[in-house]
Amino acid sequence: MQIAVCVKQIPDPATPYELDPETHFVVRPEDQIMDETDTYGVEVALQLAETTEGTVTLFSMGPTGTQQGIRRALATGADKAVIVDDPALKGSDALTTAKVLAAAIAREGFDLVITGTESTDGYTGVVPQQLAELLNIPSLTFAKRVDVTEDGSVRIERQTTAGYDVVEASTPALISVTSGVVEPRYPNFKGIMAAKKKPVDTVTAADLGISPSANQTIRSVEPVASREAGELVVDDGTGFERIVALLEETKVI
Ligand SMILES: Cc1cc2nc3c(=O)[nH]c(=O)nc-3n(C[C@H](O)[C@H](O)[C@H](O)COP(=O)(O)OP(=O)(O)OC[C@H]3O[C@@H](n4cnc5c(N)ncnc54)[C@H](O)[C@@H]3O)c2cc1C
């Protein structure tokens, strides 16, 4: 099975973000990490590749930098990576990103596409569904368990508020996985050394035969309003009355 995994490189959330004063975009450092959300997608892909004797190709759009995030995924066992690094795409919205990823994935060929549910920095949470639509394949979203059946279909347990639904589709298909679907493995020394020799193909939109243009501008950025101090009520034995009154005021009861 030929498995494509979308992995986004993001600035390390442990370091403060810096905004470009003119464009308001996040200044992307050379060293970016793989979004933790996507470590689950990579692990699911590796496990499926082991059981189906398949291959795992990583797809990422964004500034290449030191490729730290991509190399880490290669070190855990992915076979190769395709990075779309094109300054003309800076400021792309989710749909443009999906178009670019779809073109890159279609060019390589695939049986299964795996994504995270939403990234931790942009988090529109719509790239997976757009990607499936553009590739004209079914999307099985919010997977908390993924299996390949004997006839080569994919079956997932789809997380819902009440529990989960079992959803199945023939391949090619796209699956978005939730955090916690599996326990991502850590790269070992052998994997880290092997990753240095694995192919990383860096391409532009023109190489993919497409010409999408960045279409998103950020007019201003405002800090999140700080929370107002809460009201402290000392319980003199009638505290429950105050709680009931507050619940009524906010129409909870
Ligand atoms: C030069 C350049 C600069 C960029 N700068 C930024 C920036 O400052 N901030 C920013 O958020 N984005 C940036 N991007 C990336 C792109 O614009 C966003 O990925 C896109 O807007 C969708 O983001 P999202 O996080 O909301 O997607 P979501 O729908 O929340 O992501 C869901 C899943 O889709 C997949 N996915 C999403 N985006 C990508 C991606 N780029 N590559 C691979 N898989 C992906 C992942 O599996 C992810 O878990 C940049 C891209 C380029 C080329």
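First, a term: a polar contact is a pair of N or O atoms within 3.5 Å; within protein, one must be able to donate a hydrogen and the other to accept it, and residues adjacent in sequence count only if both atoms are side-chain atoms. Now the ground rules. This is a predicted model, where local features need pLDDT of at least 70, side-chain atom pairs count only at pLDDT 80 or more, and totals for chains, interfaces and linings use all residues. Residues are numbered from 1 along each chain as its sequence is written, and side-chain values use heavy atoms, with hydrogens and water left out.

Start with the ligand. There are 33 residues around the ligand (a heavy atom within 4 Å). Lys8, Arg28, Asp38, Ser119 and Thr124 come nearest. An N or O atom in the side chain of Ser119 lies 2.3 Å from a ligand oxygen. For the side chain of Asp38, the distance to a ligand oxygen is 2.8 Å. Cys6 uses its backbone: an N or O atom there is 3.0 Å from an oxygen of the ligand. How much of the ligand does the protein cover? On its own the ligand has 900 Å² of accessible area (Shrake-Rupley, 1.4 Å probe), and the protein covers 93% of that.

Stay with Ser119. Where is Ser119 placed? In the loop between β6 and α4; helices here are DSSP runs of H or I, at least four residues, and strands are runs of E, at least two, numbered from the N terminus. Is Ser119 buried or exposed? Ser119 is buried, at 17% relative accessible area, where buried means under 20%, exposed over 50% and partly exposed in between, with a 1.4 Å probe and protein chains only. Its side chain makes a polar contact with the Asp121 side chain, at 3.4 Å. A polar atom of that Ser119 side chain also lies 3.1 Å from the backbone nitrogen of Gly122. Beyond four places in sequence, Ser119 is in contact (heavy atoms within 4.5 Å) with Lys8, Asp35 and Thr37.

Now the sheet. It is open, with 9 strands and mixed pairing, in the order β9-β8-β7-β10-β6-β1-β4-β5-β11. Pairing takes at least two DSSP bridges. Inside, β4 (55–61) and β5 (80–84) run parallel over 5 bridges. Thr57 stands opposite Lys80 in β5.

That's the tour. Questions, please.
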